Amino acid sequence: MNILILHGPNLNLLGRREPSIYGKQNLEQINEKLALLAAGLGVTITCRQSNHEGELVDLLHQAAVNSHAVVFNPGAYTHYSIALRDAVAAIGIPVIEVHLSNIFAREDFRRQSVIAPVAAGQISGLGILGYLAALRAAAALAGGEDLAGES
Ligand code: DQA
């Protein structure tokens with residue numbers, strides 16, 4: 001079972017970028033922690049980052065072929081990218097939206113996610129713990145678990 005970890009724009013700067021909001025760990029450190037958890041869960045992960053909306057669309061399309069679920073931090077595109085929303089809706093595998101910061105406790109323009117209505121779920125404000133929880137949920141959903149507890 002493979003899970004795509006997809007990081008959107010500016011997340012390549014993690015560690016140096018507004019550390020009081022996004023934390024001190026860089027993307028490589030976050031990906032390493034995810035890889036450790038993945039090994040424990042018995043799944044493989046592929047980690048990708050892009051600053052480009054179209055490339056993120058392409059990576060989501062590829063995930064439909066190569067992966068069973070996606071953990072996705074769309075960065076600022078969260079708040080306005082209908083192209084990414086449509087890609088998430090189109091690919092037919094569970095996508096879990098993650099934000100390091102609590103987008104509901106910040107500027108008004110961050111409080112809306114156009115991705116959330118088509119995502120399997122959203123985790124916001126828990127830093128790297130949110131990514132780790134999202135990976136657990138992605139593995140469970142990819143394995144056919146019904147997280148609503150109905151099966
Ligand atoms: C973010 C929140 C977004 O509003 C912001 O544009 C980001 C990061 C987060 O992880 O908290 O780039 O997605």
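User: Which polar side-chain atom lies 2.7 Å from an oxygen atom of the ligand?
Analyst: That atom belongs to His79, and the pair is a polar contact, meaning two N or O atoms within 3.5 Å. This is a predicted model, where local features need pLDDT of at least 70, side-chain atom pairs count only at pLDDT 80 or more, and totals for chains, interfaces and linings use all residues. Residues are numbered from 1 along each chain as its sequence is written, and side-chain values use heavy atoms, leaving out hydrogens and water.
User: And what does Arg110 do there?
Analyst: An N or O atom in the side chain of Arg110 is 2.9 Å from an oxygen atom of the ligand.
User: Switching topic, how do H2 and H5 pack?
Analyst: Helix H2 (residues 27-41) and helix H5 (residues 128-142), both DSSP runs of H or I with at least four residues, pack at an angle of about 30 degrees with axes 10 Å apart, the axes being lines fitted to C-alpha atoms over the stretch in contact and angles running from 0 to 180 degrees between N-to-C directions. That makes H2 roughly parallel to H5, a term for angles under 35 degrees.

Methods
Polar contact = N/O pair within 3.5 Å; in protein donor to acceptor, adjacent residues only side chain to side chain. Helix = DSSP H or I, 4+ residues; strand = E, 2+ residues; numbered from the N terminus. Parallel < 35°, antiparallel > 145°, perpendicular 65-115°, else oblique.
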